Amino acid sequence: DWGRAVGGRTSHRLRPEPAADGSDVSLQFDHGAQFFHVDDPTFGALVLPHAERWPTDASRLVLLDAAGGPPVPLAQRSDGAGGLFFGVGRTELAPVRYVARGGMGALVRGMLNAAYHSTDGLALRVYEGSRVASCERLPDGRWRLRGDGLGHEQSTADALAKSEGRLLGEFDELLVADHMAAAMPDWHPCCLRGLADATPRASAALRASLGWDEGVRRFSKIRPLFTCMVAF
């Protein structure tokens, strides 16, 4: 995990702020994923021990109109906007939503803690603050991975200037959970170099399915999502 701690989109941020009485209060934000759905029993068995129902009433959520029109509840939008924000306005899509107890970051920590106690003596090593920068398919089918200490908040120039020479190890399997690693070109810091050479057909198919546009260096089928952290 190339973040400061495990979790990725389930990041949870704490920010101390002075209160009116002179004490400090801790503002807490789930600034990646605010909730998640459970529509598979195997997945539910894994995550629900660390979760509780999302307390927010989804019927009260609205989408602000960029043209200045009045806000309309997501569920009442006739233009399909109810499916925005991960389907929060679509009650037919796993209507019960969950959040991790103690912040979304606790979800991955809870699963890791369970894994530590169920590996039957096998070592489970987690690299934090580490980026898997390149991979190489070995003649015996295993994968050699190299990485560096690049953080996800560093600039592209810093990323390309960093060395990717640190050997992380050789592994039986490689699981790529992020489309960015498999589909981005070599100049992007999220690119897992060597993967396209080892799996050219899969990488090309993924890039095509996401609508990569070389002219603007964007995926046409992926929209940006920004989080505004507001406390009041």
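Author: Two strands are said to pair if DSSP finds at least two bridges between them. In this predicted model, three strands meet that condition as an open sheet, arranged in the order E8-E9-E10 with antiparallel pairing. Strand E8 (131-137) and strand E10 (166-171) each have a single partner strand and stand at the edges, so one side of each is left without a neighbour in the sheet. On average, and with direction ignored, neighbouring strands of this sheet are turned by 25° against each other. Between E8 and strand E9 (residues 143-148), the antiparallel pairing runs over six bridges, and serine 134 stands opposite arginine 146 in E9.

The nonpolar residues can be taken next. The largest nonpolar core has twelve residues in all, including Phe35, Phe36, Val47, Trp54, Tyr98, Met104 and Leu107. Strand E7 (97-100) and helix H3 (105-116) each supply at least two residues of this core, and E7 contributes the largest share, three residues. Apart from this core lies another, of eight residues, among them Cys135, Leu168, Leu192 and Leu195. Alanine 106, which belongs to the largest core, is in contact with Ala100 and Arg101 when its neighbours within four places in sequence are left aside.

Conventions:
Residues are numbered from 1 along each chain as its sequence is written. This is a predicted model: local features need pLDDT of at least 70, side-chain atom pairs count only at pLDDT 80 or more; totals for chains, interfaces and linings use all residues. Side-chain values use heavy atoms; hydrogens and water are left out. A nonpolar core is a set of buried Ala, Val, Leu, Ile, Met, Phe, Trp, Tyr and Cys residues joined through side-chain atoms within 4.5 Å. Buried means under 20% relative accessible area, exposed over 50%, partly exposed in between (1.4 Å probe, protein chains only). Helices (H or I, at least four residues) and strands (E, at least two) are DSSP runs, numbered from the N terminus. Contact means heavy atoms within 4.5 Å. Axes are lines fitted to C-alpha atoms, for helices over the stretch in contact, and angles run from 0 to 180 degrees between N-to-C directions.
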